[in-house]
2 protein chains.
Amino acid sequence: MSAYQELERRFRRLSNLRDALGLLRWDSSTMMPVGGAEARAEQMATLEVVCHEILTDPGLADLLAAAEQETDLGRWQAANLREMRRQWRHATAVGADLVQALTKAAAASEMVWRQARPANDFQAVLAPFEKLLALVRESAEAKADRLGCAPYDALIDQWEPAGRTETIDPLFDDLAAFLEDFIGQVVDHQAARPAVLALDGPFPIAAQRRLAEKLATAVGFDFAHGRLDESLHPFSSGVPEDVRITTRYSKDDFTRGLMAVLHETGHALYDRGLPSGWRHQPVGEARGMSLHEGQSLLIEMQACRSPEFLAFAAPLMREAFGRDGPAWQPDNLYRLYTRVEAGLIRVDADEVTYPLHVILRYRLERAMLAGDLALADLPGAWNDGMRELLGLAPPDDRDGCLQDIHWYEGAWGYFPTYTLGAMTAAQLFDAARRAGPEIAPGIARGDFRPLVHWLGEHVHAKGSLLSADELLTEATGRPLDPAVYKAHLKARYLA
Amino acid sequence: MSAYQELERRFRRLSNLRDALGLLRWDSSTMMPVGGAEARAEQMATLEVVCHEILTDPGLADLLAAAEQETDLGRWQAANLREMRRQWRHATAVGADLVQALTKAAAASEMVWRQARPANDFQAVLAPFEKLLALVRESAEAKADRLGCAPYDALIDQWEPAGRTETIDPLFDDLAAFLEDFIGQVVDHQAARPAVLALDGPFPIAAQRRLAEKLATAVGFDFAHGRLDESLHPFSSGVPEDVRITTRYSKDDFTRGLMAVLHETGHALYDRGLPSGWRHQPVGEARGMSLHEGQSLLIEMQACRSPEFLAFAAPLMREAFGRDGPAWQPDNLYRLYTRVEAGLIRVDADEVTYPLHVILRYRLERAMLAGDLALADLPGAWNDGMRELLGLAPPDDRDGCLQDIHWYEGAWGYFPTYTLGAMTAAQLFDAARRAGPEIAPGIARGDFRPLVHWLGEHVHAKGSLLSADELLTEATGRPLDPAVYKAHLKARYLA
């Protein structure tokens with residue numbers, strides 16, 4: 001057995017253990033009774049340690065060095081070896097003690113945050129939050145050393161391989177400058193349209209579930225290889241052969257839970273379409289969070305909030321709830337699903353204002369990590385940023401700097417991938433429709449096969465063979481370009 | 001850290017990985033879409049290998065030897081070390097190659113059996129079944145060498161530590177001889193009673209589920225620490241903090257699905273009551289399958305099929321389905337739940353004829369393992385045994401020797417624990433009621449706390465501190481004694 005082959009064997013084991021871990025995590029959020037939390041945490045921590053040991057085993061480093069001398073590797077094998085090295089770098093940059101300390105500090109900070117947010121008490125979380133940030137910083141510095149980049153870049157790199165501020169800054173600055181005027185134009189434009197008619201509930205959960213299943217199936221979700229369940233926050237997880245997506249239903253409003261299902265279906269299609277020949281190998285994994293979010297936003301924002309898709313969906317919605325009338329016509333549904341209004345809360349934001357929520361967090365987390373912004377000053381900086389970017393003054397920290405779990409659970413460097421994903425989605429959808437004239441008419445009749453076929457070929461089946469930038473360039477002719485995204489926003493919101 | 005302490009650390013990891021494995025198994029039977037089976041099998045096999053490696057690591061053998069020289073161990077620690085050694089013996093008796101070959105042969109045989117049973121085609125399964133048995137035999141012989149017992153005893157020992165044919169033979173022979181006349185007496189006795197009135201369906205599944213939840217809660221199931229779901233065959237799994245039980249509902253008959261829930265609740269109570277101070281250690285685990293089945297049958301057969309409990313449950317049943325009338329009175333429900341009739345199928349058998357199904361399998365599997373019965377002759381031997389023990393001639397192998405999955409999936413030596421469990425249940429329930437005069441009146445008003453408290457103290461909280469025989473002797477004053485079980489049957493079925 002060659003060194004490379006032995007590496008494949010070890011990474012296959014690692015992948016299977018991570019898949020098992022993924023199911024435990026899914027169960028925690030969907031099925032587990034409250035009393036099971038502590039035992040589950042220990043099961044997951046144990047599995048994480050076993051995974052970490054596989055990556056940090058000294059024998060693995062020797063195998064990597066030996067395999068890198070092997071000259072008979074094909075293109076995919078070489079890329080696989082590169083991705084193995086990448087995972088090894090992240091895992092070994094940080095000692096086991098620091099990993100454990102981080103996990104513990106993150107759990108402690110998150111636990112306090114869960115109380116502090118509803119209590120609107122930023123002071124309460126400050127101490128554990130500072131302790132956590134100190135460890136995040138230590139980890140970022142260690143990884144930066146290993147990767148040869150800045151500490152904040154090293155954090156981004158965990159979610160978005162090769163993601164760097166020097167690429168992201170110009171994209172985000174361009175977008176922020178564009179949106180500054182654009183939002184006002186859109187609000188004026190929408191004020192001149194007919195008012196959005198409300199869809200009056202209640203909407204029985206069982207009917208919402210059936211409708212969501214029907215539309216997810218139309219988009220391409222395969223219930224022989226996946227499940228749709230409920231959780232506090234919608235998410236997608238699982239393995240390519242068994243994708244698990246979730247949503248949450250509200251009796252008063254079906255539109256958000258439904259769109260969340262379509263969003264998660266976009267994630268699921270990516271996982272389903274990963275190269276099965278490279279299953280359980282690093283090169284067979286999804287490329288990163290901007291492409292993943294790109295898939296979900298392509299399905300949700302680009303395809304399913306289009307007038308064409310809503311015209312297809314409208315009669316199914318009417319049928320699902322036994323309703324009719326002007327509010328249930330495609331034009332009103334489209335106005336409802338594209339309504340723009342600046343708000344305080346990121347997860348409630350519309351497509352146009354959402355990037356500004358992200359840019360605010362991107363700037364702040366970078367400043368906090370660098371030590372340029374003291375945590376005690378975060379509430380003030382947050383409110384200043386909201387005023388500057390969105391013209392809103394948060395009345396309290398609950399709906400201000402305490403609103404997202406990310407920082408308080410240690411997920412730093414994640415936020416930018418949301419907006420990178422939105423731009424990626426626009427660019428891929430634009431290229432897909434240009435390349436496949438049957439794609440747009442397909443969506444209009446609820447047939448996503450042409451679109452999913454194109455995505456499968458140009459994105460999903462590539463796994464991690466290419467960098468995100470290379471993949472996008474091969475698929476669309478250029479690297480990430482905010483012009484396409486801005487053109488999409490103009491076409492949709494000012495037409 | 002002493003050798004003993006290091007062992008505790010390693011077994012804690014092992015236990016957490018097994019708990020994770022248990023959740024994967026539960027999900028496979030309750031939630032997993034069909035398309036996920038292959039990926040799940042690989043996840044589970046990987047986890048099993050990791051567990052096996054922990055037990056067979058040469059360092060573990062050294063630690064066991066060193067710890068056995070340590071003189072400062074308390075009673076529970078010493079028992080824990082003994083149980084560690086026991087697990088190590090089973091794991092190391094059989095090489096990794098044989099373990100893998102067994103797993104593969106079992107999967108292959110089971111897969112063919114799944115087709116062969118509905119097709120009534122014993123010949124189809126014969127070849128993979130013979131291959132599997134050869135490996136089962138090889139494993140049994142290796143374990144017998146290590147344990148110093150006969151090969152069939154070594155198989156029993158996997159499920160029932162220290163279970164031996166020399167103890168079981170006299171119990172089963174006594175019982176078979178007793179039942180030979182007894183069944184006829186019961187059938188005559190029941191013929192003289194009023195006929196059982198049928199409960200006419202349909203019974204909505206949602207109402208069945210609510211009723212099952214209500215009665216399981218009365219018995220002591222804690223839904224903050226467990227779930228009730230549906231699966232093809234009812235089972236209990238999970239961890240003490242999060243017990244997962246299942247049942248299956250039929251629209252036409254609620255009585256079986258409901259009693260299955262109460263049966264599994266008995267299993268769940270055992271797991272919930274294990275000594276939490278010894279969680280994740282071998283001595284903190286349940287003692288074996290006869291005690292486990294003893295708990296489920298105590299709740300189901302002894303307590304919940306009693307006239308007292310059915311008098312408590314009857315109004316709840318009427319309310320659940322909005323029914324009334326003579327069929328829904330306690331006396332008819334009791335007649336229904338204690339009806340005796342010899343049948344072909346073990347899982348459909350009543351309390352009185354069930355042991356004969358087990359004794360048949362016990363005798364046959366022993367003869368097959370020893371080579372005294374060729375597999376090709378199994379159908380004939382089965383039918384002979386059914387005629388001799390139950391006076392019935394199976395019309396085909398589907399409802400004959402193909403009916404149970406156990407042999408075809410490699411679970412040999414398991415069957416006797418069902419009837420050992422039934423006898424254990426009778427003996428424990430008898431002792432409990434003698435010791436706790438408040439137990440019987442509690443059951444009559446749906447308050448199982450006195451019973452569960454007694455079981456907790458005398459069975460559940462003992463973990464694996466004692467052997468099953470020692471535990472039973474401490475709890476009831478004597479080792480397993482068929483006289484108590486026979487007295488129970490006489491009191492219930494001839495009164």
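**Chain contact, sheet and helices**

Author: In this predicted model, strand 2 of chain A and strand 3 (residues 242-247) of chain A run antiparallel and are joined by 4 bridges. Strands are DSSP runs of E of at least two residues, helices are runs of H or I of at least four, and both are numbered from the N terminus. Two strands pair if DSSP finds at least two bridges between them.

Reader: What is the bridge partner of A:Val239 in strand 3 of chain A?

Author: A:Val239 has A:Asp242 as its bridge partner there.

Reader: In what order do the 3 strands of the open sheet lie?

Author: The order in chain A is 1-3-2, with mixed pairing. Strand 1 (226-230) and strand 2 (236-239) of chain A are the edge strands, each pairing on one side only.

Reader: Which helix lies across strand 1, strand 2 and strand 3 of chain A?

Author: Helix 10 (residues 255-273) of chain A does, at about 160 degrees to strand 3 of chain A. Axes are lines fitted to C-alpha atoms, for helices over the stretch in contact, and angles run from 0 to 180 degrees between N-to-C directions. Residues are in contact if their C-beta atoms, placed from the backbone, lie within 7 Å.

Reader: How do the axes of helix 10 and helix 11 of chain A cross?

Author: The axes of helix 10 and helix 11 (residues 289-304) of chain A cross at roughly 135 degrees and come within 7 Å. That makes helix 10 of chain A oblique to helix 11 of chain A (under 35 degrees is roughly parallel, over 145 roughly antiparallel, 65 to 115 roughly perpendicular, the rest oblique).

Reader: Changing topic, how many residues does each chain bring to the contact?

Author: Chain A brings 29 residues and chain B brings 29 residues. Helix 1 of chain B gives the most to the side of chain B that touches chain A, with 8 residues.

Reader: Which conventions apply?

Author: Residues are numbered from 1 along each chain as its sequence is written, while chains are lettered from A and ligands numbered from 1 in the order in which they are written. In this predicted model local features need pLDDT of at least 70, side-chain atom pairs count only at pLDDT 80 or more, and totals for chains, interfaces and linings use all residues.

Notes:
Contact = placed C-beta atoms within 7 Å.
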